[in-house]
Structure formats: structure tokens, C-alpha cells
Amino acid sequence: MSGAMSSFFILSPRGDTIISRDFRGDSLPNAAEILFRKVKFWDKGDAPPVFHLDGLNFVYVRKNGLLFGATTRFNVSPSTTVELLNRMAKVFKDYCGVLSEESIRKNFILVYELLDEMMDFGYAQATSTESLKNHVYNEPIVVESAKSNLRMPKINSKTTPSTAVHKPITISAQSGGKQKNEIFVDILERLNVLFSGSGYIINSTIDGCIQMKSYLSGNPELKLALNSDLVIGKGGGGYGAVVLDDCNFHECVRLDEFESSRTLSFFPPDGEFILLNYRITGEFRAPFRIFPTVDEVSPYKVEMTLMIRADIPESNYGANVQVRVPMPRSAIAVTTEIARGGGAGLASGALATSGQTSEYNASEKRVVWNIKKFPGATEQTLSIKITLAGGGVGGSSTSSSGGSLVNSASTGSMSAGGTAPPPGQLIGSARKEIGPVSMSFEIPMYNVSNLQVRYLRISEQQKSYNPYRWVRYVTQASSFVCRVGTGSER
């Protein structure tokens, strides 16, 4: 860094200061409070990660609801400072096991010790988990991570809860017992998909990574093999081959055998690290398809039917599915109803609507549809009835789950003295304001690209132990958006 960091702090979601360190004495005494207020009450939209105020530069990042902030009087590189904050958060997570308010509070002595080793008078000294291991002596207090909906049932010894990876890297030294040699591998894929109003894919990309965390004694060399038909670069590969547009590897990876056998050799560093980043822009089968239709019921009433189909195997499911649909500004009443029945995979309509809720947020003019578990090879449908201003209906909105009322909120009323536009013009403008439909979800043990780990083993011939190897696949929605047709596009 060309300049030094003046102060560093970690804030809770409520704005409480959990950790604070003034390195140089040239920062404002209430800098943490100023940062939190600016981030929470920024004038337009979200606050930028870097901003200048009263001669002081503020930089912050968000991690698991916590706010990691820094101030400086120098004209430092913003990207370098943001990267430094990210690395500091990663180190705290590696040593505490879980990055949460509870773990930081319970391990504040350990966090301050790490902070003193990483920074000296505002200058970064060491941000590597491995290099800090010889200088940190405080033992972590283990905090259980929050329950995850992606936890896999422990059917036999070949499965383990997904929360097992959230433990400090020094846990074996603390326990004093024999270390359980295990390594965790996560294949994470984030999808960016844009659908047309008729349900066809306009643009689609996959941003993926192979993330690892090692708890192996002796730091042995590992070999990880990927698909034998893996192709790097567009235009190559035959039918069914996995084609990556581009990729980059962690600095510890040796590529001696990658071209011949698609095998990566590496000595895993301490803590969590990303072994491989990759990107795919070719055509792939989206896990969900969205089909919106908008129909005019009367001069002041519009009905929207939103059908979503899960194009994933029956053995998989989407977790924490949320669908958001913006409503027109002229809407004075909105009701939603979740249709019964849900495809071949379900036996009854009651089962199809269980674990689902839908509600209309009048202040944000948005319908939110939540599905706790969306089974593969099924369909779900939501009906939205919209009454526009000028229709002579009182200002109330209702939401339903399987036909039963779950929420209601006042939407306000048409302003007095105003003249309503002609019905045709009103319907036309309202149709343009509906949508786009956005969707978020997580699919455990499923990936779209078909990138697979063939094996993961210790390369040493005379190894003294056989480690536990846990591999998990997770697909998430980064930007999953569907346009709503205006009549011609449907």
C-alpha cells in the first residue's frame, strides 16, 4: 500500500462496535458511527464501498451481516484496501471457524492478537493464515454455525453435515486429542440467466469455483482429478464435454499433469482457499424455467399468471427459493393465490402448496413468493390479480398460501382531485411496469456445468493415514431474471 490505514473496526448489523483499533491516532473518534450511518442512510441506493468525508477516506466490505470498515488519511488504492479487508475477514474466519457476531465477540482476544500480527502502524505485514500460525498463541472458543438448509442427512458414515467445515484451523491443537484428518471440497456455481417473456434464454453464464479447506496433518501433497473430457477455451470438445471459457488456479497448484490427465497437484495451505475459478458462457440447461403471462380482465384489472418449472432431477430440489415481481405504480389492490397441484412428482395439491407463502409489499410495490423446498421435475404456479387506480376499489391488498390469508397491507388510495387516464392507456402503461421477475435459490448436490471431481488423494506412496474426503456441489442464483412480455413478446 502507498499509504497506511488509520483505523479498523468491525460493526454488528445494529451498528455496535465489536472490534476497534486506532493505528495512527489521526482518525476521527466517532469514525465507526459515521461509517455505519452513511452506509445505512445513503442518499440514493446503496453506499459505495469507498467514499470521502471531511478529509477522511472510508472503506468497507460486508461479510455475513458484519461490516468490516477502515479509514485512512492517505490517497490509497481503493481496490488494495478492499482486498486487505477481505483477507482480514478470511483470516478471522479461519481462526474462529465461523464469521459471525457471536464468534467475534467470544474470540475478541484472539481477533486482537491476529490484528496486531497482521498490521503495524497501519501497514499490512502478513495476511496469510499459514504465515500467522507460528505467531498466534490464543486458542479459539468454538461457536456452532447457524443451521443451514443445505445440511445433508447423515444416512451413513459417507455423509457429514455441511456445517462440519466451519471449525477453527487450530481445533486439533486445542482438543489435545488425535487429529481427525479430513479435507472439504466445495464445487460452487453461481448462475446469471436472462429469460425472454416467452421463457427462452437470452443470455446465460456460470461463475464457478472449487473451494477447499484442509485439516490434514503434515501438509501432504494432494492430487485432484477433474473430468477427463474437460476442455479449456471455446470451440473445443465434442458432444457432452465440459467446456470452460477460461479459468485460473491458486498459486499453490502445479499443472504438470493437467494437460495429459486433467490432474491438479498441490500442497494445500492452511485455512479456506479457492483452488480453481472458472467461467462458462455457452448454452446450458437452466435449473428453473420461468413463464409469465399477463392478461387484461377488465379496463382496470390485470391478472398475471407466473408458472415456474424445475428442470432438475426428481432426486434434487431447490432450497430457499424466493421469487420477486415488481407491480405497477398505479396498482391500488393486489391479491395473490398459489395454485394447487405441482407436476408429476407430487401426489396431492396440499403437498404442492406446503411450505409456500406469497405476500404483497405495498410500500415497495412488489410481490414476494417464498418456496421453502422446490422438488425437481415439478411445476409451481402463482396467480396475481391487480386492480389499477380508477377501478373504484378500496386500497387494500391480500396474500394467500394455498387459499388461506397470510398477510394484508394497505396500499393507499388514489389522490383526490386527480383525473384517471383512459383505461386503454392505463392498462398499457401498467403492463410495462410489471416485472421483471427475479428469482433466488440454492440447489444442494447439483451443478449445471457437470464439472466433477473424479478423485482426491494423497500423492505420497507411503502415507501413514487415509483422510476423510468430503465433496459437496452447490448451485446458486446470482442473477436469475425473466422479462415480462407486453403482448407482442409472449
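**Exercises around strand S9**

S8 and S9 make a hairpin with 5 residues between them, and Gly-199 in the turn has a positive phi of about 95 degrees. Strands here are DSSP E runs of at least two residues, and helices are H or I runs of at least four, numbered from the N terminus. A quick note: this is a predicted model, with local features needing pLDDT of at least 70, side-chain atom pairs counting only at pLDDT 80 or more, and totals for chains, interfaces and linings using all residues. Residues are numbered from 1 along each chain as its sequence is written, and side-chain values use heavy atoms, leaving out hydrogens and water.

**Exercise 1.** Work out which strands pair with S9, and in which sense.

*Solution.*
- Start with the rule: two strands pair if DSSP finds at least two bridges between them.
- Take S8 (residues 182-195): 14 bridges tie S8 to S9, and they run antiparallel. Glu-182 sits opposite Tyr-215 in S9.
- Now try S16 (residues 272-280): S9 and S16 are also antiparallel, with 8 bridges. Here Gly-208 has Tyr-278 of S16 as its bridge partner.

**Exercise 2.** Find out why S9 counts as largely enclosed by the rest of the structure.

*Solution.*
- Set the cut-offs: buried is under 20% relative accessible area, exposed is over 50%, and partly exposed lies in between (1.4 Å probe, protein chains only).
- Count along S9 (residues 201-215): 11 of the 15 residues are buried, so the strand is largely enclosed by the rest of the structure.
- For the chain, 47% of the 490 residues count as buried.
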